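Here is a walk through one protein model, from its nonpolar cores to a sheet and its aromatic rings. Keep the structure in view while reading.

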Amino acid sequence: MTEVATSTATTKELSPEEERVLIRDIAITAEANTKEGDSFFLITQKWWQHWIDYVNQEQQLNTNNNTNEGSSSLAGNSDSPRLTTLKRPSGIDNSDLISDGPSEDSSPGSGIEIHDTLLEGRDYVLLPQQVWNQLYSWYGGGPTLSRKVIDSGLSQTEFAVEVYPLRLQLLVTPKGDRSTIRISKKETIGELHRRACEIFYLNLEQVCIWDYYGHRKHALMNDMDKTLDDANIQMDQDILVEVLNNVNGTALSGGISFPDNGFADKEATSVLLEPSKSSLSIAGGLSANKIASRGYSAEHMQSQTLSYPGRELDNTYANSGVITRGASGGLTGLLNLGNTCFMNSAIQCLVHTPEFARYFREDYHQEINWQNPLGMVGELALAFGELLRKLWAPGRTPVAPRPFKAKLARFAPQFSGYNQHDSQELLAFLLDGLHEDLNRVKHKPYINSRDADGRPDEEVADEYWANHIARNDSIIVDVCQGQYKSTLVCPVCNKVSVTFDPFMYLSLPLQFTITRTMTITVFTCDGSALPSTCTVTVPKQGRYRDLIQALSNACSLKQTEEIKLVEIRNHLIHRFLDDSYISLSTIKDDDHLAAYKIQKSVKGNVFLQLIHRRQEQETSDAQRWKPFGTPLISSLSCDDVIASGDIQTIVQTMLTPLLKEGLEYTDNSDPSTSVAATDPSDRNSGEVDTNRASTSVNKKVLPKLPLQLVDESMTCIDLSVGDEKAVNLSASLPIVVYLDWSSKLLEKYNMHYLENLPEVFKYGPITKKARTEPLSLYTCLEAFLREEPLVPEDMWYCPQCKEQRQASKKLDLWRLPEVLVIHLKRFSYSRSMKHKLETFVNFPIHDFDLTNYVADKRSSRSQLYDLYALINHYGGMGSGHYTAHIKLLDENRWYNFDDSHISPIIEEDVKSAAAYVLFYRRVKSDASASNAAGSGRVREKTSYKH
């Protein structure tokens, strides 16, 4: 294990407040002295958050004085009052960060591996060595996960922690041996040589090492002082160790250069996560200037994102690229400045759009709008135009897009720094920004759009488009903007509203079907049956009412019953899903839902929520009650007088299906402290064991349960005493009752029925069947055009109801652009994680026919499109890699653009599951259309001949 210092300054255990202050002071001191080569330590977020809660409980106690004697703060959970103080954390346990189990040595190259998908702030935090040493001396544990601070680029005061050193595959030829190593990106090529010779028992004079990215030789790695970072070595790439026949290496003479074939041999290869991908933090963040401490005290600080400046790369890529006959341009790569593959791929696709290539190589300066307040005073257009001309200039030397990136960072700070970003989001910004910089309209007129009022769609559409062109007229509009028809229908009054809006690209969902499978656990509230899990199929774009109806059918709901649907978070009821018009899209796949069968509600009824708690298992004497399992609910009438004994009876009835078989409940309780619960064998539930039913009496006397009711002032009322004591109920607030389960009480019930509530939909490995059934691009388009309800955040104001409504929305394509950009929505976001859909989409390369999808049938123009470029994304979210496949129309040949590496590919290799953004160009129906495009202005006229 990595050696750590232990504290001998004190022998007594410090108070939580003393620990907090000491760690805060150590962190501040460590900040002032952080330098390259220092060690930072990973610690699991789960343990760290426990410690933060523990040392901050004194401040929380001071702000929570409304609970009974002996209670403490809510420990971050305002829904559950705690009656005891928080226990001191046990030993540090980093095992959940380790992929292959704990190890004593976690230095890079030692063999221990952490999970590839860890995120700082979600899974772990980074602590300076001094902070780690102090925590370790107090708590012990492990394993120790040490990582080095490296120089992050140009500035000598900006550092990063290399959480994921390079993982390289060493391949030996001609022997065929192989080995995997971990090595810092800041190590030299000489150190890589030494390590390779050590692993394979070779002499330095015997070998030469090649950059073998994509199983193609790119460069001989013979500059022993150059770092692997400067040599552009990527995560998980191959390194070829070539054993020579003689020490002079004559077999390698001639200076041969090999083109790169990108990811031709890799299905989904990811590149290196830039150090500490989110931010370098000690519970906060380390920037160039200071460490911020989050959670040490009430003065919480926001984390500061660590920038990763681009490295100054020399011109070592001159031999990379494609060696082709002829002098056609457009085969110049872009240097990766540090996680800028997302930008490079988008730029190459725009640069190789023929209309843009012609426009920006001609004199476009006269069209720059220098006064547009929505633009970038022409600077973005000038920077893009300059970069485009360099990429189309003769030669193959890769271009460093630093001037363009500087302009991008100035006008779009979200793309500043050197973190990975979404290529499609950048593309959307570029198209919009270039449009505003090149808008031919210098003074936009104010136009008040008229409502359709029953007029023909053709008339309204032409009016909307003319109004749009009157304010927006640029090469971007000419080439990339189309128009769709949007129809909104109010779900209450059926008011129909029709508008015609422009679009720059289409974002298509990846859907095999129009349905969705959802899993929900159904509970009975009258004690008649055990909980059961129901999996139902509902419309993917349906509403809550569709799910409730499907559940009602699945569990044979009686006419006198109804379903109450709730979302469970942290073993508490987070929200009731009551509004039947809300879209099912608001329910995420990793949500946990419960459905309760109750008697139909009448006016004046409130819900009783039963929350289960048990003592947290810790080593110290302090105790903490923590929620567990799934809450239960029942309906009560506010008009009736409810006593403590009534609530005891209700709770006992709800729990009767969970009673274990054959147990005697004969403790020494006084008869006055017991209640009668109805035996479930009296009910025709179909779930009760017949042996039990035959041996049970109709009524079973059970001991009272330790129930506590939380009133409006957050005071806990003990319901285990005073049966006749009336309970005051609020008609506006739910009744929250806590049941504190002792170990003895837990032995009497089958509580596993209330635990492990399943997710709505559990993500699993993609089946072979799913991989072999391609999803058509036409299917994705049809899903995009299908009617669906608006999301709650985008409610529509109905002019007839005079209220916000979740209307149904239907889109239709009305006018298509010359260049149609299609974004495949591969990334889905949930509360706890992000998913990337690796679905293979079968998109046409030739003759993408949209004739049947265009609602306006007046146009005689061709609606056929050919693919000429696409952006690919390989790997996972945040750690992946972008490339572009582009067809040079003059050569009628496809190429792979992978940053500075360019290689030819066959058309069959264009299609893959990595396709992310597709660029289609209208097939010209006659020569005149092509000539019109060559003039630099290809704007479609806004009216049609009738």
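A nonpolar core is a set of buried Ala, Val, Leu, Ile, Met, Phe, Trp, Tyr and Cys residues joined through side-chain atoms within 4.5 Å. Buried here means under 20% relative accessible area. The model is predicted.

Start with the largest nonpolar core, which has 58 residues. F356, F404 and F919 have the most contacts inside it. Take F404. Beyond its neighbours within four places in sequence, F404 is in contact with M343, I347, L380, A383, F384, L387 and L430. Another core lies apart from this one and has 38 residues, including I568, Y596, F628 and L739.

F404 also belongs to an aromatic cluster, together with Y359, F360, Y364 and F384. The structure holds 24 aromatic pairs. Charged side chains meet rings too. R361 lies over the face of W392, at 4.6 Å from the ring centre. K217 lies over the face of W210, at 4.6 Å from the ring centre.

Now turn to a sheet. Its 5 strands run in the order β18-β17-β21-β19-β20. The sheet is open, and the pairing is mixed. Which strands stand at the edges? They are β18 (532–539) and β20 (572–576). Each has a single partner strand, so one side of each is left without a neighbour in the sheet. From one strand to the next, the twist averages 45°.

Strand β19 (residues 561–569) runs antiparallel to β20, joined by 4 bridges. E567 stands opposite R575 in β20. Helix α13 (residues 544–554) packs on the sheet. The helix α13 touches β17 (515–524), β18, β19, β20 and β21 (592–599). Its direction makes about 135° with that of β18.

Notes: Residues numbered from 1 in each chain as written. Predicted model: local features only at pLDDT ≥ 70, side-chain atom pairs only at ≥ 80, totals over all residues. Heavy atoms only, no water. Buried < 20%, exposed > 50% of the residue type's maximum accessible area, 1.4 Å probe, protein only. Contact = heavy atoms within 4.5 Å. Pairing = 2+ DSSP bridges. Helix = DSSP H or I, 4+ residues; strand = E, 2+ residues; numbered from the N terminus. Axes fitted to C-alpha atoms, helices over the stretch in contact; angles between N-to-C directions. Phe/Tyr/Trp six-rings, centres within 6.5 Å; stacked < 30°, edge-to-face > 60°. Lys NZ or Arg CZ within 6 Å of the ring centre and 35° of its normal.
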